[in-house]
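This report describes the strands, helices and selected side chains of one protein model. Please keep the sequence and the structure in view while reading.

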Amino acid sequence: MKKINRREFIKAAAILTGGSFFAGCDEIFKNPNVKYLRQIITSNSENSRCIMWESDAKFSAPAVEINGVKIPAIDSSFTYDQRENIQYTAQIENLSPDTEYNFKIYDGENLIGAGNFKTSSDKKFKAIVVSDSQSRDYGYWGELIRAAFERNSDAEFFIDIGDIVDCGEATYQWQNWMNQAEPLLKNLAFVPIMGNHECYDRNWEDKMPIAYLNYFAVPDNGVENFSRRFYSFDYGQAHFVVLDSQWQELAQYTPNMVEVQKKWLREDAAKTSKKWKIALIHKDVLQYRLHGHPERKEGFSDVGAYFMPEFENLGFDLVFSAHLHTYRNRWRIKNFKKDPTGTLYIMTGLSGDVRYPGIWIDHVLDKVIAPQPETDNYLTLEVDDKILTVKCFLPDGKLIDEISLTKV
């Protein structure tokens with residue numbers, strides 16, 4: 001029998017199997033790797049960190065090593081968009097405040113990846129805030145967020161206030177977003193907020209946000225059937241609450257979510273002793289008139305009607321919202337009116353490439369509006385034990401608004 005070489009063997013096998021042999025080879029030769037490495041905010045960033053990553057192949061013994069100690073990672077793989085998503089999650093505890101750490105990712109004894117982070121302290125901190133990063137092309141968003149961090153290299157974490165991607169069930173959307181964000185995600189904590197676009201399938205029908213809920217292992221809220229939908233965390237002198245405003249999109253799955261969240265919010269806020277309280281929610285508290293639609297009246301949205309009294313009664317200092325793709329600073333509101341003792345409400349704008357030019361009619365409560373025609377923007381949040389400051393910047397770094405609150 002004539003001896004054939006490896007190349008001829010593979011060619012013959014491909015012909016006999018109709019090309020499926022190569023697909024099998026792809027699976028056989030895949031090795032565990034680390035991609036989309038990301039760090040997720042924990043309930044207390046002084047002593048813990050959540051590290052997540054994906055891989056093209058299964059790990060046999062996934063672990064994260066810090067200070068010579070290996071912490072096992074759990075297999076948090078899930079299926080959506082008709083594909084298996086191989087993923088691992090490691091919860092790191094018992095860390096020291098205000099300390100820099102390097103970590104390594106292992107599969108058994110094989111070093112696969114690495115990163116670093118710094119735990120928080122009770123000192124002053126800075127965060128980057130963006131919203132509505134949903135895009136047709138995430139390259140533009142990537143340029144904006146990286147430029148924001150280049151100008152603010154002392155930022156310790158970043159926040160995306162919902163509509164992170166355009167279609168929550170589209171794998172390529174999440175991959176494009178993570179490809180652009182990974183240089184930041186692997187070294188800084190990320191604070192995700194669910195938007196309505198996280199709750200759409202490929203036919204733009206409402207669905208449970210499977211990808212969002214699995215991609216981000218946020219702190220547990222302790223509420224049955226609402227895991228990862230809303231949560232809270234401490235950072236420095238601030239207590240943050242993240243709320244879920246998608247009760248319309250998810251009504252068929254959890255019809256009582258407004259009352260459930262209100263109860264949780266009251267209990268959560270009562271537990272904190274932090275000096276500042278900050279709320280993050282995707283949909284906005286105001287209702288705007290629309291050009292060409294005189295039937296739509298100016299006022300307050302259902303989000304505002306449900307939660308503004310809660311924020312005021314619980315002593316919240318600042319509320320960040322999004323959804324309308326426009327930056328608006330309303331200054332301070334109490335009892336649905338301007339009041340210097342009220343809560344500061346800021347709609348954060350947009351950071352992706354989906355814009356709604358000329359659609360909204362200015363609201364009587366708007367104090368500062370982004371220059372028109374409107375473009376993207378980002379914000380910084382700086383907090384210490386006496387002053388909270390929010391600044392809004394255009395993509396080129398031009399400052400367009402600055403607001404400070406002071407507490408003795």
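Strand E1 (residues 35–40) and strand E2 (residues 49–54) run antiparallel and are joined by 4 bridges. Strands here are DSSP runs of at least two residues (E) and helices runs of at least four (H or I), both numbered from the N terminus; two strands pair if DSSP finds at least two bridges between them. Gln 39 stands opposite Ile 51 in E2. The model is predicted, so local features need pLDDT of at least 70 and side-chain atom pairs count only at pLDDT 80 or more, while totals for chains, interfaces and linings use all residues. Residues are numbered from 1 along each chain as its sequence is written, and side-chain values use heavy atoms, with hydrogens and water left out.

E1 and E2 belong to an open sheet of 10 strands, in the order E5-E8-E2-E1-E13-E12-E11-E26-E27-E28, with mixed pairing. At its edges stand strand E5 (74–75) and E28; each has a single partner strand, so one side of each lacks a neighbour in the sheet. Strand E27 (residues 387–393) pairs with strand E28 (residues 399–406) in the antiparallel sense over 7 bridges. Thr 389 has Ser 404 in E28 as its bridge partner. The hairpin of E27 and E28 has 5 residues between the strands, and Gly 397 in this hairpin takes a positive phi near 95 degrees.

## Helices on the sheet

Which strands does H4 lie across? H4 lies across E1, E2, E12 and strand E13 (189–192), and runs at about 60 degrees to E1. Axes are lines fitted to C-alpha atoms, for helices over the stretch in contact, and angles run from 0 to 180 degrees between N-to-C directions. Contact means heavy atoms within 4.5 Å.

Ala 181 is placed in helix H4 (residues 171–185). It counts as buried, at 0% relative accessibility; buried means under 20% relative accessible area, exposed over 50% and partly exposed in between, with a 1.4 Å probe and protein chains only. Ala 181 and Gly 142 are 39 residues apart in sequence, and their C-alpha atoms are 6.4 Å apart in space.

## The four-stranded sheet

Another open sheet has 4 strands in the order E4-E3-E9-E10, with antiparallel pairing. Its edge strands, strand E4 (69–72) and strand E10 (110–118), each pair on one side only. Neighbouring strands of this sheet are turned by 30 degrees against each other on average, direction ignored.

Strand E3 (residues 62–66) runs antiparallel to E4, and 4 bridges join the two. Glu 65 has Lys 70 in E4 as its bridge partner. Lys 70 also lies over the face of Tyr 106, at 4.1 Å from the ring centre. A charge sits over a ring if NZ of Lys or CZ of Arg is within 6 Å of the ring centre and within 35 degrees of the ring normal. Elsewhere, the charged end of Arg 332 sits over the ring of Trp 331, 5.9 Å from its centre.

## Aromatic pairs

The structure holds 36 aromatic pairs. The rings of Trp 177 and Phe 216 form an edge-to-face pair, because their centres are 6.4 Å apart and their planes stand at 80 degrees. Rings of Phe, Tyr and Trp (its six-membered ring) pair if their centres lie within 6.5 Å; planes under 30 degrees apart count as stacked, over 60 as edge-to-face and the rest as tilted.

This pair links distant parts of the chain, 39 residues apart: Trp 177 is in helix H4, and Phe 216 is in the loop between helix H5 (210–215) and strand E14 (231–235). Trp 177 is buried at 0% relative accessibility, and Phe 216 is buried at 1%. Both are part of one aromatic cluster, whose members include Phe 78, Tyr 80, Trp 141 and Trp 174.

## Two buried loop residues

Ser 135 lies in the loop between strand E11 (125–130) and helix H3 (138–151). Ser 135 is buried, with a relative accessible area of 1%. A polar atom of its side chain lies 2.8 Å from the backbone oxygen of Ser 133. The backbone nitrogen of Asp 353 lies 3.4 Å from a polar atom of the Ser 135 side chain. A polar contact is a pair of N or O atoms within 3.5 Å; within protein, one must be able to donate a hydrogen and the other to accept it, and residues adjacent in sequence count only if both atoms are side-chain atoms. Not counting residues up to four places away in sequence, Ser 135 touches residues including Trp 141, Asp 166 and Gln 173.

Ile 86 is found in the loop between strand E7 (83–85) and strand E8 (87–92). Ile 86 is buried, with a relative accessible area of 12%. Leaving aside neighbours within four places in sequence, Ile 86 is in contact with residues including Trp 53, Glu 54 and Ser 77.
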